[in-house]
There are 2 protein chains.
Amino acid sequence: MKERPTLEEVARRAGVGRGTVSRVINGSPRASEQARAAVNAAIAELGYIPNRAARSLVTRRTDSVALVVPESEERFFTEPFFGRVVRGVSAGLRDSEVQLLLAIAQDRRRLGHYLTRQHVDGVILLSLHGEDPLPGELESRGVPAVLIGRPLTTPAAYVDADNAGGARLAVEHLAASGRRRIGILAGPQDMAVGVARLAGATEALAAAGLPADLVAYGDFSEASGAAALRELLDTAPDLDAVFAASDPMAAGALRVLRSLGRAVPGDVAVAGFDDSVIAEHADPPLTSVHQPVEAMGTAAVRLLLDRIAGTAPDRPAVVLDTHLTIRQST
Amino acid sequence: MKERPTLEEVARRAGVGRGTVSRVINGSPRASEQARAAVNAAIAELGYIPNRAARSLVTRRTDSVALVVPESEERFFTEPFFGRVVRGVSAGLRDSEVQLLLAIAQDRRRLGHYLTRQHVDGVILLSLHGEDPLPGELESRGVPAVLIGRPLTTPAAYVDADNAGGARLAVEHLAASGRRRIGILAGPQDMAVGVARLAGATEALAAAGLPADLVAYGDFSEASGAAALRELLDTAPDLDAVFAASDPMAAGALRVLRSLGRAVPGDVAVAGFDDSVIAEHADPPLTSVHQPVEAMGTAAVRLLLDRIAGTAPDRPAVVLDTHLTIRQST
DNA sequence: TTGAAAGCGATACCAG
DNA sequence: CTGGTATCGCTTTCAA
């Protein structure tokens, strides 16, 4: 377990002063080629690695950002969404010397206490519900924050998928394939995603000259999707297509249709949202709106790093395109 | 953006020396009740938070552990497994002041370079394949490592689910419900999980006095499960149950059975492994072996923290129980 | 039990 | 362009 060399030893080995070594390491232009070469040689030879703690102590930067996830949102952990975001965030950090800290927020108070400039340079917040006071608190303490998922009302920097656009794509696809009685299984309207997906679907119906009279609400769960579809079938037995605001809701719809003996897509076409493993393994496999989750994570870090560097607008938003993955259910 | 107070200011406010403040903060017994009270009051009043960098600089500990995930294993990110592990690890760290660093390993060399005592106190490694040289490298450099998932051959500290036991449970369940021609859709035999699940299944067959002649192999994927089942049906058209080493494989089997018009569970019972969202949403919902993934994460940190503290055996292993979630497919 | 003083390893400013 | 020096905020002797 050999001890790591310090900057001072590098300086001695290279026959230069500590200042010079530091300049070379941090890519300062004020260093002669000669010095640069000597220092780099010494670094390579000694296997020198700068001590983050020491650096952080004087620069007052931590070179780390936190990804904060509310512990209460069990969905995050049992759905692939979380992993994909993490992967995207990590990819965005790849070439940047910045570390990713994971903060699963058990206790909001304690977390707010912890997330200071002393510990992180910035924060990415994974939030489902729009009404989180945390980003505001952070910003007011000088800690840049970026949300993944648009907040419902609170203004903040965020990255999101084009949920409305995705819903539009799906409904357009249903209409284009000749469906005329298209039902919408909408998500909860106290979340931005729920609102946006319904809005997009409604728009597409209007554009196709179809009525938007068949709307029922759920909470994104399978059971709620099943219930919502039953509700729609009560008023419109002639329904020939369904757009669900989530894949589990679509799966619930499939279940109901099967139990009723209605063929999919023969009698009723079904489209979901998220292009998740559920869509892929459903019977029949579900046409579903695909979100670029990894890209959202990457965009979020990029935005955050820009904000930390002070080179980003104060409250920027990035909205990424979705596309439709077409499978056998439509 | 108020500046955080330093320890020195706390000392001044409390009317004691810096040494005393430090002792109180770190719970040293060598501090009078009086001093303790004064210091704590000052800390509360000033909102003091110790500076990790400064502390780390002198203690030579980082108070952080890394969770390392091979980037190449796309499975990790698109399956809930990853999120659940993260959640468990995070829960294990909850009361410990230790931070969780996420390292998605793009480049093994660079990562090995990075993971020194200077940056982390220890490492948790999420590895699918058994042949990872990283843990060994780390240990030899004095960085404690704990694997999640038993390595195939390399000796190392690890936490794992009782894969063999889980497979045994599933096959026992099939046999107990009167099935006599039970096929095994095994996973790849170059992974410890694949080996263990097949071993457990075989054991259970033997214990039930049934032959273990119906075994076909796959790679855990849906397609491979479908292919493997077709293979078994060729030689044993009278097959009346299948145990698959993964849920996707089981889903593949369901698909084949459906296309052949065989009823599940009427004609053939099907059991999977992982109790994933796929099992839950399959048609019919799959009986599947449940692994305590969160608990594995928690156990892994606990083990790691013990090793860091030097209070754990040198190469300990923790194996956690699985259970069977029974659904309609059996 | 306590305070004072000496570092931990880096950066940043300074004069040269 | 360069080397020395002060400094970041904390822990840890050491002497009192």
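## Surface near DNA strand D

Of the atoms of DNA strand D within 4 Å of the protein, 64% belong to sugar or phosphate, and the rest belong to bases. The model is a predicted one. DNA strand D is surrounded by 29 residues, of which the closest are T20(A), S32(A), R60(A), L7(B) and Y48(B). By class, these residues comprise 12 nonpolar, 10 polar and seven charged.

In chain A, a polar side-chain atom of S32(A) is placed 2.5 Å from a phosphate oxygen of DNA strand D. In chain B, an N or O atom in the side chain of S22(B) is 3.0 Å from a phosphate oxygen of DNA strand D. The largest share, five residues, comes from α4(B).

## Surface near DNA strand C

Around DNA strand C there are 27 residues, and L7(A), Y48(A), T20(B), S32(B) and R60(B) come nearest. Sugar and phosphate account for 66% of the atoms of DNA strand C that come within 4 Å of the protein. The surface near DNA strand C has 12 nonpolar, nine polar and six charged residues.

Phosphate oxygens of DNA strand C are approached from both chains. In chain A, a polar side-chain atom of S22(A) lies 2.8 Å from such an oxygen, and one of N26(A) lies 3.2 Å from a phosphate oxygen. In chain B, the corresponding distance for a polar side-chain atom of T20(B) is 2.4 Å. At least two residues of this surface are supplied by each of α2 and α4 of chain A and α2 and α4 of chain B. With five residues, α4(A) gives the most to the surface near DNA strand C.

## The six-stranded sheet of chain A

Chain A contains an open sheet of six strands with mixed pairing, in the order β7-β6-β8-β9-β10-β12. Its edge strands, β7 (215-217) and β12 (323-325) of chain A, each pair on one side only. On average, neighbouring strands of this sheet are turned by 20 degrees against each other, direction ignored. Strand β6 (residues 182-186) of chain A runs parallel to β7(A) and is joined to it by three bridges. Within β7(A), V215(A) stands opposite I184(A).

Two helices of chain A accompany these strands. Helix α11 (residues 222-235) of chain A packs on the sheet and touches β6, β7 and β8 (241-244) of chain A, with its direction at about 145 degrees to that of β6(A). Helix α12 (residues 247-259) of chain A lies across β6, β8, β9 (269-273) and β10 (287-290) of chain A, and runs at about 155 degrees to β9(A).

## An enclosed strand in chain B

Why is strand β1 (residues 64-70) of chain B described as largely enclosed by the rest of the structure? Seven of the seven residues of β1(B) are buried, so the strand is largely enclosed. In a regular strand the side chains alternate between the two faces of the sheet. Both faces of β1(B) are covered: S64(B), A66(B), V68(B) and P70(B) are buried on one side, and V65(B), L67(B) and V69(B) are buried on the other.

Two strands pair with β1(B). Strand β2 (residues 99-105) of chain B pairs with β1(B) in the parallel sense over seven bridges, and S64(B) stands opposite Q99(B) in β2(B). Strand β3 (residues 122-126) of chain B likewise pairs with β1(B) in the parallel sense, over four bridges. The bridge partner of V65(B) in β3(B) is G122(B).

V242(B) is found in strand β8 (residues 241-244) of chain B. This residue is buried, with a relative accessible area of 0%. Not counting residues up to four places away in sequence, V242(B) touches L174(B), G183(B), L185(B), L229(B), V268(B), A269(B), V270(B) and A271(B). The C-alpha atoms of V242(B) and R258(B), which are 16 residues apart along the chain, are separated by 14 Å.

Notes
Residues are numbered from 1 along each chain as its sequence is written. Chains are lettered from A and ligands numbered from 1 in the order in which they are written. This is a predicted model: local features need pLDDT of at least 70, side-chain atom pairs count only at pLDDT 80 or more; totals for chains, interfaces and linings use all residues. Side-chain values use heavy atoms; hydrogens and water are left out. A residue is near a molecule or strand if one of its heavy atoms lies within 4 Å of it. A polar contact is a pair of N or O atoms within 3.5 Å; within protein, one must be able to donate a hydrogen and the other to accept it, and residues adjacent in sequence count only if both atoms are side-chain atoms. Ala, Val, Leu, Ile, Met, Phe, Trp, Tyr, Cys and Pro count as nonpolar, Asp, Glu, Lys and Arg as charged, and the others, Gly among them, as polar. Two strands pair if DSSP finds at least two bridges between them. Axes are lines fitted to C-alpha atoms, for helices over the stretch in contact, and angles run from 0 to 180 degrees between N-to-C directions. Contact means heavy atoms within 4.5 Å. Buried means under 20% relative accessible area, exposed over 50%, partly exposed in between (1.4 Å probe, protein chains only).
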